[in-house]
Amino acid sequence: MSTTDAPKKSRETDDVPVPATLRKSLKNRHIQLIALGGAIGTGLFYGSSESITLAGPSILLAYLVGGLAIFAIVRALSEMSVEDPKAGAFSYYATRYWSKRAGFISGWNYWFNYILVSMVELSVVGSFVNYWFPAIPTWVSAAVFLVIICAANLLGVSKFGEFEFWFAIIKIVAVIAMIIGGLAVIIFVLPTASGVRASFANWFTVGNGFFPNGLMGQNSDGSWTGLLMALVVVMFSFGGTELIGITAGETEDPKTTIPRATNDIIWRILVFYIGALGVIMAVVPWNTIDGKSSPFVQIFDSVGIHAAAGILNFVCLTAVMSVYNSGLYANSRMLYSLAKQGNAPAYLGKLNSRGVPVAGVLTSAVITAIAVVVVFVWPEFAFNYLMSIATIAGIINWTMIMFTEMKFRKVVAAGGAPEDSELAGLSGQEALDAIHFKLPFAKVTPWVVLAFLALVVVLMCFSTSYRIAVIAGVIWLAILFAAYQLTQAKK
């Protein structure tokens, strides 16, 4: 029989029935935009006001330093993802190369973190809808978007990738348009509402110069300010970049795609954070950015383009949808991974014919819906306490990634690399040298990053709004340890 007559093998896509397994349907363009979209959110569009107020133009250095730390964290995660691409990333690697307890803590910490982040995003989606339709109750908007995103995730991983691709495109176009518009104002010396000529010299001549508040200082009301305090705000704006690791188990060619997406993080931070904020502070005097509106709106308002508020409202609405879409995807895969490890109920480890962990999607969606109800009923409790846990949970996650990477290298050096990896059968320095996508300066980098994260936690203690997060983090870790011991005792 000729090859043309031979029965054709079913392609592994979301639309062709094949045995229940996770589908490697995410293409290079999906991963590139998922990685980029994860670094651009409402934290940039609105949260940058707070960081600028704390540090002035020196906030550009804070984003550069914080960006380098995040790059190292994602590189450490990607080193493991390329050699051993699995769903659940952090939790799976912590279990495989560290201990089952570490996998339990890492997985449930990340899952709960995204539940809380999703909770906040869905609770504010109504405010963006009300910009155009003030009569629609905010809870209705939250419910509608929850159902839409949940349905999209049930269609298959390629559909999730398409949603994220276009969500990211919208955010990218918005930032690039702002940068080009700002540069035009500077180059053509267009008049601005402030009366201050647009120029990059404004970084050094407006409001006590480039370091207006120094490294760290105290205001008359007792609050702390300065470059170091801005690091706390900056770090949390980078949350979501680690999503690259979660997608590795469903990527067509992780050995090529994951390294490319990871290495591009640096220029994304340079362009979309440092570039955008640098242009903003050249056009709008930094000491007039007070947080009452987005700096992105102010830059267009300053030259008479008042439609920017409506445009940015649409961009932020898509950004919120993007965060929840990513959160639901990540959480469903994390529950799937935890179930396969024996760290979660077995029903969460089942897949449908499209390779979707339906139970994980629906369970996460239901819990998120309950959390959103809590926000509407007890908003102060939700934002003061639940979000504090979400804040510190991000640092716990990054910390565990760095420790796991060091454990991974020890296992690889001992000859314990995955059987389907090119490292199989190798040991010692030969095995370490054969790692496809190495963390730069791997003997030193994890410790530098861990020291930096410890510094961020210490700085959080100086801030009234973040201090509670540190306390909540200790309690949260204690709860996770106790939960693990309880589940093991039952078994």
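## Close-up views of a predicted model

**View 1. Phe-296 is buried, with a relative accessible area of 4%.** The model is predicted. This residue's value falls under the 20% relative accessible area that marks a residue as buried. Phe-296 lies in helix 14, which covers residues 295-301. Apart from neighbours within four places in sequence, Phe-296 is in contact with Leu-44, Phe-45, Val-175, Met-178, Ala-276, Ile-280 and Leu-312. Ser-25 is 271 residues from Phe-296 along the chain, and their C-alpha atoms are separated by 35 Å.

**View 2. The largest nonpolar core has 159 residues.** The members that touch the most other members are Ile-59, Val-175, Ile-246, Phe-296 and Met-460. Helix 6, residues 100-130, gives the most to this core, contributing 15 residues. Two of the members named above, Val-175 and Phe-296, are also in contact with each other. In soluble globular proteins, nonpolar side chains tend to be buried together.

**View 3. Met-460 touches Val-232 and Phe-236, among other residues.** Val-232 is one of the buried residues of helix 10.

**View 4. Helix 10, residues 227-237, is largely enclosed by the rest of the structure, because nine of its 11 residues are buried.** Those buried residues are Leu-227, Met-229, Ala-230, Leu-231, Val-232, Val-233, Val-234, Met-235 and Ser-237.

**View 5. Helix 13 has a kink of about 30°, centred on Gly-275.** The helix runs over residues 265-283, 19 residues in total. From first C-alpha to last, helix 13 reaches 26 Å, close to the 27 Å expected at 1.5 Å a residue. Of its 19 residues, 14 are buried, so helix 13 too is largely enclosed by the rest of the structure. Ala-276 and Ile-280 are among the residues in contact with Phe-296.

**View 6. The whole chain, for orientation, holds 20 helices and two strands.** Its radius of gyration is 23 Å, close to the 23 Å that the globule rule gives for 491 residues, so the chain is as compact as a globular protein of that length. The C-alpha trace spans about 75 × 50 × 45 Å along its principal axes. Buried residues make up 56% of the 491 residues. Among contacts with a separation of 6 or more, 77% join residues 24 or more positions apart. The accessible surface comes to about 20100 Å², and 68% of it belongs to carbon and sulfur atoms.

Terms used: Residues are numbered from 1 along each chain as its sequence is written. This is a predicted model: local features need pLDDT of at least 70, side-chain atom pairs count only at pLDDT 80 or more; totals for chains, interfaces and linings use all residues. Side-chain values use heavy atoms; hydrogens and water are left out. Helices (H or I, at least four residues) and strands (E, at least two) are DSSP runs, numbered from the N terminus. The expected span of a helix is 1.5 Å times one less than its number of residues. The bend at a residue is the angle between axes fitted to the seven residues ending there and the seven starting there. Buried means under 20% relative accessible area, exposed over 50%, partly exposed in between (1.4 Å probe, protein chains only). A nonpolar core is a set of buried Ala, Val, Leu, Ile, Met, Phe, Trp, Tyr and Cys residues joined through side-chain atoms within 4.5 Å. Contact means heavy atoms within 4.5 Å. The radius of gyration is taken over C-alpha atoms; the globule rule is 2.2 Å times the number of residues to the power 0.38. Accessible areas come from the Shrake-Rupley method with a 1.4 Å probe; for residues, only the protein chains shown count as cover.
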